[in-house]
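Hello,

Here is the structure for you to look over. My notes follow below it.

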Amino acid sequence: GSEFDYIAPGLMLFAIFMLIFQVSMVVVKESEQKTLHRLLLAPVKARDLLLGVSLTQVVFAVLMIPLMLFSAVAVGFHSQGSLLNGIVIGIFTSFSAIALGLWVAAFSRTANQAFLISNAILVPVVFLSGVFFPLPKVALFTLGERTFSIFDIQPATHAVNAFSRVFLYGANLGDLVYELSMLVLLSSLYFAAGLWLWKRMHVKRHR
């Protein structure tokens with residue numbers, strides 16, 4: 001394949017992680033406009049609000065994958081895999097991006113702050129996923145026959161591996177048990193941490 005073939009899956013990852021901006025700015029604007037305060041006076045729990053925001057962003061992710069794939073194919077990308085498999089990976093990946101958006105929102109008082117902090121997070125997350133260059137082997141521990149690197153603690157690493165295996169080599173979801181398992185586990189942990197941080201830093205200010 002061409003050099004662009006190896007870059008295209010990374011561009012899909014980049015597009016999904018742009019959700020960091022949307023999530024953080026939407027949540028912070030709710031706080032700025034006092035909407036959050038009014039919601040908290042009603043019988044609405046924080047997790048209900050965040051669930052609504054999250055589901056909206058997952059829809060964006062589902063739409064992004066075919067748009068990115070069709071755009072890539074239009075400029076020369078040779079896809080070997082299933083669009084449906086790519087969408088499934090995109091959905092799992094979107095939850096980690098949403099989680100990081102909550103992290104940003106937790107430490108932002110204004111939408112402008114959220115935008116700046118999102119920039120500071122997006123670039124290292126994407127570049128340290130191995131999208132554009134091979135990552136150094138910085139082993140943390142070995143479990144069975146698999147060695148876990150320091151870069152394996154972020155979901156983006158597993159997401160780009162999954163996208164690459166699907167679109168470059170035609171892998172099916174059954175071939176991606178490890179990548180999908182790590183995506184689910186890490187995204188769940190990141191989301192739980194994001195929810196806790198947001199509730200601690202923002203919701204208490206409006207009580």
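Contacts first: among those in the chain with a separation of 6 or more, 79% join residues 24 or more positions apart. Contact here means heavy atoms within 4.5 Å.

A word on the source. This is a predicted model, where local features need pLDDT of at least 70 and side-chain atom pairs count only at pLDDT 80 or more, while totals for chains, interfaces and linings use all residues. Numbering runs from 1 along each chain as its sequence is written, and side-chain values use heavy atoms, with hydrogens and water left out.

The chain has eight helices and two strands. Both are DSSP runs, numbered from the N terminus: helices are H or I with at least four residues, strands E with at least two. Their order along the sequence is α-α-α-α-α-α-β-β-α-α.

Of the 207 residues, 44% count as buried (under 20% relative accessible area, 1.4 Å probe, protein chains only). The accessible surface is about 10500 Å², with 67% belonging to carbon and sulfur atoms (Shrake-Rupley method, 1.4 Å probe).

H1 (residues 3–17) packs on H7 (residues 155–169) at about 135°, with axes 9 Å apart. Axes are lines fitted to C-alpha atoms over the stretch in contact, and angles run from 0 to 180 degrees between N-to-C directions. Residues making the contact include Tyr6, Leu13 and Phe17 of H1, and Val160, Phe163 and Phe167 of H7.

Best wishes

Note on methods
Buried < 20%, exposed > 50% of the residue type's maximum accessible area, 1.4 Å probe, protein only.
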